[in-house]
Amino acid sequence: MFSKALFKQSMKAHWVKWVFVTVPTCVMLAIVIIVLGNLGINDIRDSLKEIFVQADQESTLKEEAVDGYELYTTTTDFYGVLSPNASLIGMLNSMLYQPAINEANPTTDEERNAVRQSVAEQALGFITGGTLPGFSIPEGLDEDYLKQFFVYLFAAYDTMTSNGADTSNVDNDQLLINAYTNLVADMAYSQSIAEEGATEDYAQTRADGAREIANAAITEYKGQQTAGTLEDADFESLANEYINNYIYQETYDLIYQQNIDSGMSASDAETSASEYAVMTKVIANTAITTYQFWINERVNEATDAGTDYDLAAIKTEARTNACQSISDQMPEAVAEALSELGNMDIYGLIIGSIFYRIAGLLLPMVFVIMTANSLLAGQVDSGSMAYVLSTPTKRRTVTITQMVYLIVALLAMYILLTVTSVISVFIVGGNNFAINYAEILLFNAGAFLTMFAIAGFCFMCSSLFNRAKYSLGVGGGLTIFSLVCTILGLFGSSVVPSAMRISAMNVFNYFSMITLFDTVSIMSGTLDYLWKFAILLGIGIVTFIIGVFRFEKKDLPL
Amino acid sequence: MSVIEINHLTKDYGEGRGIFDINLSIEKGEVFGYVGTNGSGKTTTIRHIMGFLQAQQGSATVMGFDAWKDSVEVKKFVSYIPGEIAFPDLRTGTEFLKAQAELLGLKNMDYANYLCDKLQLDTSANLKRMSKGMKQKTAIVAALMANKDILILDEPTTGLDPLMRETFLDIILEEKEKGKTIFMSSHMFDELEDTCDRVAMIQNGHIIDCVSMNDITNTPTKTYKIEFTNREDFVAFKHTRFKIIREQPQYNQVTITIKNEDIAKLMKSLTKYKLKFVAEIEYTLENHFKDVLKKIKEKESKNV
């Protein structure tokens with residue numbers, strides 16, 4: 001079944017070719033992996049990715065700025081309306097809330113809260129009903145919001161009087177401020193949890209921030225009042241300026257702390273933090289200015305046209321527009337293309353789809369085409385097969401020996417390639433490299449199985465034909481055709497970014513055996529490649545078997 | 001039992017090419033010549049004996065083994081020199097002979113070395129750069145070194161210079177001496193004449209004749225050409241009882257055939273004349289086959 005002498009003869013006949021194919025392929029592979037590993041071609045990808053991460057951060061920053069601005073101006077509006085009526089509002093406590101508490105005499109927080117809710121309802125009724133002279137709901141102020149405020153008012157009243165303080169001597173203005181800032185903080189907290197799904201810590205930070213901004217706004221208002229410049233005060237500009245500085249300080253503190261934590265010197269940490277903070281300040285300013293501009297434009301348009309407008313809706317729209325990041329502003333297709341480019345795996349493309357499926361297959365293919373041909377058809381055509389077959393050597397022994405030689409030569413080639421690739425990956429950082437050991441081993445296994453199938457096919461052709469030109473023409477021709485189809489098909493395959501992809505070219509992939517070597521599946525971690533590997537193995541086995549059996553039954557012109 | 005037995009062997013390649021109903025039987029120790037023009041079917045017959053081709057009809061057996069089905073058994077008795085010399089992709093002749101010895105399971109190379117010496121072959125030469133003659137010699141050594149009982153030689157002397165051909169024919173005679181059965185094809189009659197016991201001629205795929213060399217060399221009649229010095233003797237001789245098959249009066253020549261037992265009579269009678277020369281015209285294989293071909297042609301033209 002196996003002839004050692006013939007195997008040795010085949011080795012002697014083909015080893016030079018083998019060396020001249022294996023060594024350059026190994027060198028090529030090593031160069032590709034090592035050069036790519038050191039160049040860091042993924043830098044481009046990473047920087048693109050960074051843009052999108054930054055864009056996300058930018059959007060968040062802008063939202064924070066616009067929300068802060070909105071809170072600041074709302075606060076000044078709200079406080080401007082309520083503070084003149086502070087004593088009147090304070091009366092709600094003594095006249096409505098205190099008696100209700102005395103009557104209901106709640107023992108738990110829930111019961112007390114229920115009382116607050118019902119009294120707030122009652123108070124709102126008085127205001128809307130005009131029972132409370134000199135106070136009307138200011139424009140743009142939501143009734144529910146006001147009612148909510150009353151609940152907080154009563155709570156603040158409870159807090160201020162809890163320590164047995166004199167109920168007649170409550171500072172109504174302070175009560176108002178306490179109630180309002182508590183409300184604002186709680187709203188920021190629950191909004192943060194509900195909308196952004198933030199952690200409790202983060203939500204608390206947001207609540208503290210909201211309280212700080214509201215306090216600042218009220219302080220500013222009071223300052224203007226004391227200075228007597230309330231009439232001329234431009235709270236919108238003041239809000240913008242305050243928020244800019246607020247964001248600046250927030251960023252500065254954060255970055256400074258990070259820098260110090262990462263072991264930077266204090267002065268370097270300061271410089272870098274301030275640089276970054278200035279940038280965020282500019283971004284915040286841009287967002288707020290855009291926001292203001294958008295609202296003014298829409299309101300002016302509506303006023304000029306004499307139509308009604310929904311300020312809340314305009315504000316929502318303005319917020320969306322003002323908080324857009326770079327990627328939001330790009331046309332969708334461009335943004336998608338860039339995003340895809342950012343997510344593209346260049347190593348997978350070059351090493352997997354280009355080296356292992358195309359460049360690295362070419363030389364082994366040439367070896368297999370030439371060797372498979374000369375193992376049978378070439379020797380039949382020239383007549384040299386006569387010497388082997390005139391000895392007591394079965395034809396099946398000849399074919400099996402030649403088949404074993406071809407497979408062993410390929411296997412040895414790919415063992416060397418595997419060793420080369422593993423060493424190269426080790427040199428460029430092992431599993432930290434974009435392609436890990438498991439993936440590189442699968443690439444080698446896939447390339448070997450592809451060559452195994454091709455070798456089987458070429459061997460079958462070599463067995464079927466008595467003339468080398470037909471064996472080479474059919475076996476080699478179709479093999480090279482497969483490779484060319486893979487090259488053309490690459491431009492239509494999913495590994496090429498959509499901006500460069502010509503989907504119609506994908507049809508070429510259906511004409512190529514190499515398509516069954518699914519590098520994309522290997523890189524993406526799906527298991528599709530396994531059944532495709534099985535098919536390649538099957539093609540190889542079937543074609544080799546056909547080759548072995550056909551040769552036994554045919555006429556040989558020797 | 002015959003060593004090589006071919007019965008009704010037919011392989012039709014179409015358009016009149018191929019071999020048709022070949023029947024041959026070669027005995028042990030016999031040297032059998034197989035002669036025919038190029039493309040007459042010599043190699044096709046040999047390929048069947050070697051088991052490279054499957055017969056359409058009939059069979060070829062060697063030592064009782066079917067050449068196609070039991071080709072491995074057959075190869076245990078047979079050495080082969082192919083008609084077309086193309087060596088495996090190896091570097092030198094030595095390397096090739098070693099590889100071939102390994103395939104044959106041959107350990108002792110003494111006989112191979114003896115053959116190389118006899119053929120004056122330098123096996124260390126590069127196989128690719130060998131001259132045609134050197135290649136042929138290498139092929140001869142590769143086939144004969146195994147010292148098997150049956151030799152199948154397809155035009156073994158092509159490419160050899162006349163001296164080497166002589167050497168080769170010597171070797172064949174040596175082999176014959178050892179009792180080997182040899183099947184040798186050629187398109188040259190003289191080399192078959194010197195070595196063969198029997199010769200078959202194939203023409204357009206059909207065996208047209210098979211003769212024993214003994215019958216050719218030991219014919220019951222001999223042919224002589226006689227030239228006389230003068231006209232008178234020439235005319236006088238014509239009136240004797242000897243059978244004249246041809247006369248060339250311008251040279252005073254006659255050609256006669258005569259039974260072997262009458263040769264003494266002839267010699268006696270010739271003493272009466274003045275002769276320029278008496279030459280025996282040998283009956284060769286070539287003459288024989290020419291006669292056969294002539295007869296066939298006459299037959300065909302009669303039929304038409």
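## Where chain B meets chain A

In this predicted model, nine residue pairs make polar contact across the interface of chain B and chain A, both partners being at pLDDT 80 or more. The largest share comes from α3(B), with seven residues. Sort the chain B side by class and you get 18 nonpolar, three polar and nine charged residues.

So what about charged partners that actually pair up? The count between chain B and chain A is two salt bridges. Take the one between E102(B) and K8(A): the closest N and O atoms sit 2.8 Å apart.

Now for the interface as a whole.

| What we look at | Value |
|---|---|
| Residues of chain B in contact with chain A | 30 residues |
| Residues of chain A in contact with chain B | 27 residues |
| Area buried between chain B and chain A | about 2,400 Å² |
| Part of that area from carbon and sulfur atoms | 59% |

Let's finish with chain A on its own. How is chain A divided into domains? The assignment gives domain 1 (4-39 + 344-553) and domain 2 (48-327 + 334-341), so each is written as two stretches of the chain. As for spacing, the C-alpha centres of domain 1 and domain 2 of chain A are 68 Å apart.

Conventions:
Residues are numbered from 1 along each chain as its sequence is written. Chains are lettered from A and ligands numbered from 1 in the order in which they are written. This is a predicted model: local features need pLDDT of at least 70, side-chain atom pairs count only at pLDDT 80 or more; totals for chains, interfaces and linings use all residues. Side-chain values use heavy atoms; hydrogens and water are left out. Contact means heavy atoms within 4.5 Å. Buried area is the accessible area (1.4 Å probe) that two parts lose on being put together, summed over both. A salt bridge is a side-chain nitrogen of Lys or Arg within 4 Å of a carboxyl oxygen of Asp or Glu. A polar contact is a pair of N or O atoms within 3.5 Å; within protein, one must be able to donate a hydrogen and the other to accept it, and residues adjacent in sequence count only if both atoms are side-chain atoms. Helices (H or I, at least four residues) and strands (E, at least two) are DSSP runs, numbered from the N terminus. Ala, Val, Leu, Ile, Met, Phe, Trp, Tyr, Cys and Pro count as nonpolar, Asp, Glu, Lys and Arg as charged, and the others, Gly among them, as polar.
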